[in-house]
Protein chains: 2
Amino acid sequence: MIAESHIAHPELEEIELGGVLHALSDPVRLRIVAALAGGEELRCGSIDVPVTKSTCTHHFRVLREAGLIRQRQEGTTRLNSLRREELDARFPGLLGTILGAAYSDR
Amino acid sequence: MIAESHIAHPELEEIELGGVLHALSDPVRLRIVAALAGGEELRCGSIDVPVTKSTCTHHFRVLREAGLIRQRQEGTTRLNSLRREELDARFPGLLGTILGAAYSDR
């Protein structure tokens, strides 16, 4: 609980559309979000992205600061989950449409 | 016709989701796109954005290179229009959802 409080997350009303779009404009971050859209809490290393661990960590930070994901510390592991319900409340349909566009584009 | 051919536009299949999201992640560019969503061809100066003409020109270039707008030269004036139908074909629902999120956010 104490560890979690060290990780700053924007409140729902602080989440900005521009920040969300910028966060999702990177293909690696979009892939991370697509992986988290399954609903599971995932570690950096458990997502199949072609980047180093430090780059992955950076991408997770961008996603957290934009309000897309929630991070919590469990021992030495940082677990990540998508703030799906909150995002859907803030920007209805946005995440689903972008993920749909990303998948249909493949 | 000759002047128009000097302005490079990506083909529909070259338009990338990441580029579109990045282009729309800037509030000024989003405002420009919202203005063009009315369907009219507009000049840089006729859109109410709080930036200098050269910055406006820069934003239009980013939007054109991302595939969001079409630009054509008419005498000394560069006219801009949204590639709405093409974008809707490439990424169904994307532009409408983002514009909707931008408006509901105000």
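The conversation below takes up several terms in turn and sets each against its definition.

Analyst: Please keep in mind throughout that this is a predicted model.

User: What makes β1(A) and β2(A) a pair of strands?

Analyst: Two strands pair if at least two bridges are found between them, and strand β1 (residues 69-74) of chain A is joined to strand β2 (residues 77-82) of chain A by six bridges in the antiparallel sense, so the two strands pair. As one example, Ile69(A) has Leu82(A) in β2(A) as its bridge partner. The hairpin that they form has two residues between the strands, and Gly75(A) takes a positive phi near 65° there.

User: Why is α3(A) called roughly perpendicular to α6(A)?

Analyst: Helix α3 (residues 27-36) and helix α6 (residues 94-104) of chain A pack at an angle of about 110°, with their axes 11 Å apart. Angles of 65 to 115 degrees count as roughly perpendicular, which makes α3(A) roughly perpendicular to α6(A). Their crossing is left-handed.

User: How do you know which classes of residue the contact of α3(A) with α6(A) holds?

Analyst: Leu30(A), Val33(A) and Ala34(A) in α3(A) meet Leu95(A), Ile98(A), Leu99(A), Ala102(A) and Tyr103(A) in α6(A). Since Ala, Val, Leu, Ile and Tyr are among the residues that count as nonpolar, the contact divides into eight nonpolar, no polar and no charged residues.

User: What makes α6(A) roughly antiparallel to α6(B)?

Analyst: Here α6(A) and helix α6 (residues 94-104) of chain B pack at an angle of about 155°, with axes 9 Å apart. Angles over 145 degrees count as roughly antiparallel, and therefore α6(A) is roughly antiparallel to α6(B). In this contact Leu94(A), Thr97(A) and Ile98(A) meet Leu94(B), Thr97(B) and Ile98(B), and by class there are four nonpolar, two polar and no charged residues.

User: How do you know that chains A and B are related by a two-fold axis?

Analyst: Chain A can be laid on chain B with an RMSD of 0.0 Å by a turn of 180° and a shift of 0.0 Å along the axis, and that is the relation of a two-fold axis.

User: Why is it said that the copies meet through the same surface?

Analyst: Of the interface residues of chain A, 100% are also interface residues in chain B, so the copies meet through the same surface.

Note on methods
Residues numbered from 1 in each chain as written. Chains lettered and ligands numbered in written order. Predicted model: local features only at pLDDT ≥ 70, side-chain atom pairs only at ≥ 80, totals over all residues. Heavy atoms only, no water. Helix = DSSP H or I, 4+ residues; strand = E, 2+ residues; numbered from the N terminus. Axes fitted to C-alpha atoms, helices over the stretch in contact; angles between N-to-C directions. Parallel < 35°, antiparallel > 145°, perpendicular 65-115°, else oblique. Left-handed = near helix turned anticlockwise from the far one by under 90°. Contact = heavy atoms within 4.5 Å. Least-squares fit on C-alpha atoms with pLDDT ≥ 70 in both.
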